[in-house]
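Hi everyone, thanks for making time today.

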There are 2 protein chains.
Amino acid sequence: MGSIKSLRCRECGKEYEPQFRYVCEECFGPLDVTYREASINRHTFDLREKTYWRYFELLPITDKANVVSLNAGLTPLQHADKLGERLGLKNLYIKNDSVNPTFSFKDRPAGVAVSRAKETKLKAVGCASTGNLASATAAHAAKAGLPCYIFAPSDIEHVKIAQALSYGAEFVAVEGTYDDANRVASIIGDSKGYGIVNINMRPYYVEGSKTLAYEVAEQLGWEVPDRLIIPVGSGAMLNAICKGFEELHALGLVGSVKNLKIVAAQPHGCAPVVDAFKRNSDEVIPVERPETIAKSLAIGDPGDGIYVLKRLKQYGGLAEEVGDEEIRDGIMMLAQSEGIFTEPAGGVSVGVLKKLVDEGNIDKDEKVVCYVTGNGLKATEAIIGVLPKLTAVKPDAAAVSAMIG
Amino acid sequence: MGSIKSLRCRECGKEYEPQFRYVCEECFGPLDVTYREASINRHTFDLREKTYWRYFELLPITDKANVVSLNAGLTPLQHADKLGERLGLKNLYIKNDSVNPTFSFKDRPAGVAVSRAKETKLKAVGCASTGNLASATAAHAAKAGLPCYIFAPSDIEHVKIAQALSYGAEFVAVEGTYDDANRVASIIGDSKGYGIVNINMRPYYVEGSKTLAYEVAEQLGWEVPDRLIIPVGSGAMLNAICKGFEELHALGLVGSVKNLKIVAAQPHGCAPVVDAFKRNSDEVIPVERPETIAKSLAIGDPGDGIYVLKRLKQYGGLAEEVGDEEIRDGIMMLAQSEGIFTEPAGGVSVGVLKKLVDEGNIDKDEKVVCYVTGNGLKATEAIIGVLPKLTAVKPDAAAVSAMIG
């Protein structure tokens with residue numbers, strides 16, 4: 001039996017039974033899952049499954065039989081000695097979520113939300129997405145045996161959603177913008193009782209991303225790192241990672257989290273949180289038309305933006321942005337030093353890390369964890385322009401030998 | 001200290017010091033690595049790294065400091081209950097190697113070969129490949145800090161090698177065929193003392209693929225499954241998997257392997273091993289012009305083909321082929337039931353499995369492991385034609401509701 005207890009309003013504190021509900025009736029604040037005390041210690045996890053479901057007691061599912069697992073999580077925390085050398089950092093780690101089953105971190109929140117949908121006997125699931133979330137939701141729905149509806153603008157390129165389509169979800173190609181697709185998804189979800197993972201299942205959904213904190217702590221031998229570099233789209237992941245570390249501390253699994261420092265990383269063409277942070281404002285001004293190669297971070301009006309700002313204040317935070325060129329440089333630098341091939345969002349993390357080191361904002365001895373959340377194969381077009389051109393050579397050993405020196 | 005002992009000729013048994021050497025001086029047979037006895041038991045591995053390097057004593061590296069790890073291996077063995085239901089199998093498992101760091105099983109052999117190259121102080125590494133192996137070799141070379149040369153025909157599409165190029169390897173674009181590229185790689189490797197992972201490093205290279213046996217056994221609680229479905233290109237992987245199970249038995253980690261049954265799976269347009277098997281011949285007749293969507297299996301003259309035939313005789317073997325349509329069906333069936341998105345080689349495994357079940361050649365109670373060795377994002381064009389077309393709908397909840405029923 002899991003230890004999920006209630007949903008509690010993040011703003012006014014009102015508690016609810018953990019049902020199909022996602023905003024506070026009183027104040028419209030977002031709801032967070034609360035848990036009964038779990039009896040666990042550091043060794044509880046030693047021999048468990050090598051997925052994020054090893055933290056079952058800390059996830060919002062009551063009965064293990066309802067877990068829908070594609071074996072996501074427990075992705076590598078790679079000691080990035082080579083990238084560290086280049087940047088001048090002695091203790092750099094990359095959390096490599098490009099190797100999840102659908103090839104992004106979204107397998108965490110989507111997997112938890114689909115499992116909860118199964119547990120609460122919803123008839124179908126879905127999401128509004130054209131990218132990583134669409135694939136993660138569709139794949140978990142396939143394994144769950146639940147119908148799945150993906151809501152997306154109808155001008156989406158067919159080839160860009162080939163992966164998501166392969167899992168057998170039904171695509172609802174809405175003639176309109178992404179906002180239209182989102183609105184339709186929300187109405188359909190509520191009226192039909194379908195679990196739209198990133199909307200009406202959101203309290204459960206965001207819990208999945210906490211495991212990005214649990215795993216890092218466990219992989220470091222139950223230590224809290226000095227600093228985290230986290231890419232920010234909606235901001236939900238950053239917030240969940242902070243929550244994760246706080247929960248581990250409350251459980252006695254790690255020491256103090258007071259000295260943890262958080263960095264929010266955004267692409268220049270869509271950096272509303274960075275902008276608010278630099279203005280020292282609590283108000284996130286939406287970006288009307290995001291323009292960046294980091295499509296998975298192109299969320300102009302980030303739902304959890306204000307909570308990210310709170311977290312940055314709480315945790316000696318910084319926020320920084322990088323442009324497309326620095327993003328491409330970040331992708332290439334990561335591949336050429338660590339053999340990790342990331343989508344542009346990962347280039348944002350690495351680019352921001354480099355910028356902060358160059359500006360003297362990160363000490364060389366700090367234990368830094370940089371989150372890389374998606375797979376480069378999903379956006380190869382982003383780097384085609386910066387790849388070396390090929391020079392042809394005759395099929396002759398002497399000619400080749402002369403060429404390669 | 002590792003336990004590598006010697007290189008031994010697979011044909012005449014002559015032994016050599018484990019140096020930079022790959023064919024027998026006496027009879028030109030291939031060389032296999034031998035090991036000194038290792039003191040290990042089932043619990044040796046419990047708390048070790050979650051990569052294939054957990055089997056360090058069984059891999060051909062002497063000093064752990066020389067291991068070049070991208071954290072490959074220990075990929076999920078997914079209990080495929082949903083696919084099993086569709087096919088009528090009660091105990092089906094998918095070994096999902098699409099989630100390795102460069103997104104195919106090649107991280108196993110390439111990682112071992114690059115590590116050995118580092119250990120024996122070779123100045124550079126490389127391979128002849130345009131696909132999975134190029135990425136795996138280049139990525140491990142990047143992490144090792146070794147120069148890397150990828151030999152490929154010059155008419156290769158730039159976008160198809162974007163991933164491999166991103167890791168910073170030098171591409172030698174040979175004006176000629178794949179055979180020309182291979183020949184040049186071989187001459188350059190031997191004359192300059194560069195470790196060409198799939199040629200002059202082959203004895204070490206093939207050891208990496210053994211871990212596909214070790215992991216399956218460990219993930220099944222140190223059990224030998226009843227049957228393995230293995231895609232065959234060069235045949236080296238199938239042979240290595242058999243060797244892996246035999247070694248585990250010799251070490252007392254698993255029981256008898258006598259009842260293990262092996263299935264070799266090939267695509268119809270390049271099935272020289274299946275052809276020989278069905279003719280009941282020991283002679284593998286090369287396929288001059290492979291034609292299949294399963295590019296990673298399009299090896300017309302498989303180097304280890306005759307050893308695959310021997311293994312099939314030894315292990316109650318079967319060999320079967322499927323055409324492009326069945327391969328696509330296999331890809332879609334796997335995605336829609338298990339949420340696993342594979343390249344066509346995985347569609348070959350699943351397609352052959354289905355064919356054998358349909359023909360009554362596999363019992364429904366057998367414990368079957370089906371190897372899926374690469375990632376669907378690498379070859380999305382293969383399935384574009386079979387994906388559902390999108391039907392646009394007005395951004396109106398009533399219209400959408402009517403559409404989705």
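Let's begin with B:Phe103, which is buried, with a relative accessible area of 0%. Buried here means under 20% relative accessible area, exposed means over 50%, and partly exposed is in between, using a 1.4 Å probe and protein chains only.

A word on what you are looking at: this is a predicted model, where local features need pLDDT of at least 70, side-chain atom pairs count only at pLDDT 80 or more, and totals for chains, interfaces and linings use all residues. Residues are numbered from 1 along each chain as its sequence is written, chains are lettered from A and ligands numbered from 1 in the order in which they are written, and side-chain values use heavy atoms, with hydrogens and water left out.

Back to B:Phe103: you will find this residue in the loop between strand S5 (91-96) and helix H2 (107-119) of chain B. Helices (H or I, at least four residues) and strands (E, at least two) are DSSP runs, numbered from the N terminus. The phi of B:Phe103 is near 80 degrees, a positive value in a residue other than glycine. Most residues other than glycine have a negative phi.

Over in chain A, A:Lys121 also has a positive phi, near 60 degrees. A:Lys121 sits in the loop between helix H2 (107-119) and strand S6 (125-128) of chain A. Is A:Lys121 buried or exposed? At 71% relative accessibility, A:Lys121 counts as exposed.

Now for the sheet. In chain B, six strands form an open, mixed sheet in the order S4-S5-S13-S10-S11-S12; two strands pair if DSSP finds at least two bridges between them. Its edge strands, each pairing on one side only, are S4 (77-79) and S12 (318-322) of chain B. Inside this sheet, S5(B) pairs with S13 (residues 367-372) of chain B in the parallel sense, over six bridges. One example is B:Tyr93, whose bridge partner in S13(B) is B:Val369.

Finally, how do the two chains relate? A rotation of 180 degrees with 0.0 Å of shift along its axis superposes chain B on chain A, with an RMSD of 0.0 Å. The superposition is by least squares on the C-alpha atoms of residues with pLDDT of at least 70 in both copies. The two copies are thus related as by a two-fold rotation axis. In chain B, the C-alpha nearest that axis belongs to B:Val99, 2.4 Å away from it.
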